[in-house]
Number of protein chains: 2
Amino acid sequence: MKAEIIAVGSELLTPHHVDSNSLFITQKLNDLGIEVRLKTIVGDDEKDLVDLLQQALTRSELIVVSGGLGPTEDDLTRTAVARALRRTITKSPEILEMILKRFAGRGIAVPKINERQAELIEGAEIIANARGTAPGMWIRENSRIIVLLPGPPRELEPMFETLAVPRLQALAKGKMLAKKQFYITGMTESEVDAKAAPIYIKYPGIQTTILSNTRHIALLFSRQIDSDECPTDLEELAGKVQEILGDSVFSTNGQPLEQVVGIQMKSSGRTLAVAESCTSGMIGARLTAVPGSSEYFLGGVLCYSNDIKSRLCGVSENTLKEFGAVSVETAEELARGIRSTLGSSVGLSITGIAGPGGGSADKPVGLVYVALSDEQRTESHRRIIPGDRDSIRERAVSFALSCLRRFLR
Amino acid sequence: MKAEIIAVGSELLTPHHVDSNSLFITQKLNDLGIEVRLKTIVGDDEKDLVDLLQQALTRSELIVVSGGLGPTEDDLTRTAVARALRRTITKSPEILEMILKRFAGRGIAVPKINERQAELIEGAEIIANARGTAPGMWIRENSRIIVLLPGPPRELEPMFETLAVPRLQALAKGKMLAKKQFYITGMTESEVDAKAAPIYIKYPGIQTTILSNTRHIALLFSRQIDSDECPTDLEELAGKVQEILGDSVFSTNGQPLEQVVGIQMKSSGRTLAVAESCTSGMIGARLTAVPGSSEYFLGGVLCYSNDIKSRLCGVSENTLKEFGAVSVETAEELARGIRSTLGSSVGLSITGIAGPGGGSADKPVGLVYVALSDEQRTESHRRIIPGDRDSIRERAVSFALSCLRRFLR
């Protein structure tokens with residue numbers, strides 16, 4: 001089955017908005033083994049929408065339309081769909097009842113304008129909306145299906161999940177998508193591909209996707225299966241890929257790096273303190289994005305100035321003078337120092353040149369040192385990170401957490 | 001003139017990708033007074049793309065196509081456009097020359113596969129690509145214009161800006177978009193609208209947009225003008241809106257809050273230190289996202305644990321015992337303490353409950369205290385911020401920077 005997604009709303013054609021609903025819908029459709037072949041964003045223009053729906057009906061078996069179901073004149077999805085299908089529209093007592101209840105619950109009368117939302121297209125089934133007044137609709141047109149959903153994600157998502165997905169599942173005749181995912185750190189995208197490609201090209205029936213961002217590289221494998229099928233080829237491929245990537249894989253269940261590190265910290269019963277120079281708080285921010293991180297994260301020092309590096313983090317003035325703030329020596333003294341100042345079991349430090357200024361031939365923009373220290377040892381790592389100030393800093397945080405994860409193993 | 005944007009690439013139909021190019025292109029077109037009526041994302045499927053181009057030619061005067069100009073079999077934009085326009089394709093010596101030079105510069109021979117990128121559609125003008133091998137094309141078809149651009153944003157953006165925009169400008173016959181923007185802090189979106197709406201509804205010819213995120217509220221006004229026209233109505237509206245919003249407006253030129261605060265700090269010659277509890281580094285991270293922030297930002301302490309609040313930031317154990325870590329008393333001692341520990345002219349502190357756990361009837365999740373201290377005074381601010389852990393923390397940072405901005409005035 002091939003699907004297309006239409007998002008309706010002039011605000012989605014401004015430079016400020018992306019159509020995030022279509023990502024959610026695509027994910028859910030892909031999980032059912034349904035491919036999305038086309039996505040369109042159209043303004044609040046009835047003629048454009050009618051034309052588009054008629055074209056969509058000639059090529060796609062499933063058409064999911066979001067938006068344009070509100071109570072105002074701008075909201076013309078109902079009339080456009082009725083026109084495209086040459087069907088009538090009637091006021092539905094059932095929907096009116098739902099709307100009445102909703103407003104009664106808030107202790108107010110139904111505004112006249114909202115009665116428009118009780119309009120039902122001939123032959124459509126109602127998809128109830130637990131979080132708003134606009135119901136969705138499920139419409140069959142010969143062998144095609146059209147699903148109408150309201151635009152706000154908090155209304156659309158539960159409606160699609162609980163009411164559209166089960167119907168589509170029944171139509172998909174027990175098909176589903178089997179998936180394996182690997183989150184990888186400490187390698188570049190091309191290094192990952194160079195290692196994995198000789199394996200995955202031998203499984204042409206399995207779809208491979210590599211995604212890269214400042215946090216990690218994700219390697220995704222998927223194949224449509226019958227719901228009672230055991231995808232042994234996918235298991236086999238995943239096993240081989242895990243073997244070749246080894247320790248660089250930090251998650252196969254979608255957990256981010258800061259959560260994986262958090263689990264390591266908790267299970268070891270140790271505590272952590274950070275000294276951040278070039279990232280100035282970004283490591284602390286990311287570690288504490290995990291609820292419950294106060295169990296192992298004590299805190300840290302943002303040692304942006306050299307004076308703070310010496311006074312609070314125990315770096316000797318000699319080291320700063322002789323080797324500079326961005327050096328392996330300073331990084332290691334910072335890691336030992338922050339551990340001692342804050343009284344943690346593990347100390348993590350980072351120092352580097354985020355740019356755009358401050359680089360030299362010796363120490364270019366992007367140069368970063370990370371050091372780790374505990375009661376037994378201190379170790380350090382050097383890397384030159386490409387990109388602009390923002391992405392250097394973000395990648396530096398991921399690099400530091402990646403070093404921490406290995407240190408804790 | 002009405003435009004539509006087509007993005008080509010199967011990867012853009014996965015749940016992991018948004019088409020960010022279209023936002024950039026929309027911004028540039030809107031600036032020229034050109035409206036975007038439709039956006040489509042299509043996979044690497046020649047028939048779908050040909051059909052789509054033919055439909056687009058019947059309804060839009062300008063069609064901007066991004067992606068599908070690479071060297072591989074998947075890259076079929078050139079052939080699809082040629083088919084849709086019934087034109088031929090030839091190898092262009094001029095493009096081949098460009099590609100040769102590019103590879104020669106890297107000291108390698110042109111791979112056979114890249115020669116495909118020298119294909120030129122009959123009658124097309126070449127749009128040179130300074131950052132990649134795929135050139136763009138500018139094609140006239142009767143009164144329609146089709147612009148082809150490569151998918152990677154770092155190639156597409158300068159090509160569109162320097163080569164497509166001037167040609168479009170010439171076609172737009174001196175039309176342009178006049179704009180006024182206000183970035184606002186310390187008010188909710190509905191408070192802003194309640195104040196501004198009675199003014200802007202009197203200017204029906206001017207388009208108003210209100211956008212809200214965790215960083216600020218943006219109020220945007222725009223109207224298409226002739227390039228030699230002075231939009232006095234827009235100036236008048238902006239003047240009245242500035243008057244009613246007063247001090248809540250922190251930027252009218254798009255500068256983010258951390259940059260505005262940075263300019264205040266620089267011009268005052270003062271220095272800043274932060275003590276962060278619930279945000280644990282996010283304030284430091286945002287302040288230092290501004291290049292050159294080391295001139296005024298000394299650093300800070302992530303005082304996630306109570307022990308660090310007392311040992312490094314001078315909060316008395318009594319205060320913590322009597323009033324708790326999230327209290328006005330702790331916030332003020334933190335601000336004074338961090339100023340003294342780090343030797344800065346201004347101390348900024350934040351303490352709060354980011355959730356999801358840790359809230360109580362007295363001190364609910366979202367409760368945040370910000371304090372500021374200098375040589376003359378200490379002040380504090382309390383707010384209850386709605387949302388989940390991530391958005392509470394992000395909004396808390398904006399709240400703190402907003403307090404700092406007022407403190408520095």
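1. Start at the strand pairing between the chains. Gly300(A) stands opposite Leu302(B), a residue of strand 14 of chain B. The model is a predicted one. Strand 14 (residues 297–302) of chain A and strand 14 (residues 297–302) of chain B run antiparallel. Three bridges join them.

2. The contact surface can be checked separately. Of the interface residues of chain B, 98% are also interface residues in chain A, so the copies meet through the same surface.

3. How many residues of each chain are in contact? On chain B there are 56, and they touch 55 residues of chain A. The size of an interface is often expressed as the accessible area lost when the parts come together. Here the area buried between chain B and chain A is about 4500 Å². Carbon and sulfur atoms give 59% of that area.

4. Now the polar side of the interface. Across it, 23 residue pairs are in polar contact, with both residues at pLDDT 80 or more. Strand 2 (residues 35–42) of chain B gives the most to the side of chain B that touches chain A, namely seven residues. By class, that side of chain B has 26 nonpolar, 21 polar and nine charged residues.

5. How many salt bridges are there between chain B and chain A? The count is two. Arg37(A) and Asp48(B) meet through their side chains in a salt bridge, at 3.0 Å from N to O.

6. Over all chains, the structure holds 52 salt bridges. Within chain A, the side chains of Lys179(A) and Asp31(A) meet in a salt bridge, at 3.3 Å from N to O. This pair links distant parts of the chain. Lys179(A) is in strand 9 (residues 175–184) of chain A, and Asp31(A) is in helix 1 (residues 21–31) of chain A. The two residues are 148 residues apart.

7. Both chains deserve a look at a peptide bond. In chain A, a cis peptide bond joins Gly355(A) and Pro356(A), with omega about 0°. Pro356(A) sits in the loop between strand 15 (346–352) and strand 16 (367–373) of chain A. In chain B, the peptide bond from Gly355(B) to Pro356(B) is cis, and omega is near 0°. Pro356(B) lies in the loop between strand 15 (346–352) and strand 16 (367–373) of chain B.

8. One backbone angle to inspect. Asn142(A) is not a glycine, yet has a positive phi of about 55°. Where is Asn142(A) found? The place is the loop between strand 7 (136–141) and strand 8 (144–149) of chain A.

Notes
Residues numbered from 1 in each chain as written. Chains lettered and ligands numbered in written order. Predicted model: local features only at pLDDT ≥ 70, side-chain atom pairs only at ≥ 80, totals over all residues. Heavy atoms only, no water. Contact = heavy atoms within 4.5 Å. Buried area = accessible area lost by both parts, 1.4 Å probe. Salt bridge = Lys/Arg side-chain N within 4 Å of Asp/Glu carboxyl O. Polar contact = N/O pair within 3.5 Å; in protein donor to acceptor, adjacent residues only side chain to side chain. Helix = DSSP H or I, 4+ residues; strand = E, 2+ residues; numbered from the N terminus. Nonpolar A, V, L, I, M, F, W, Y, C, P; charged D, E, K, R; others polar. Pairing = 2+ DSSP bridges.
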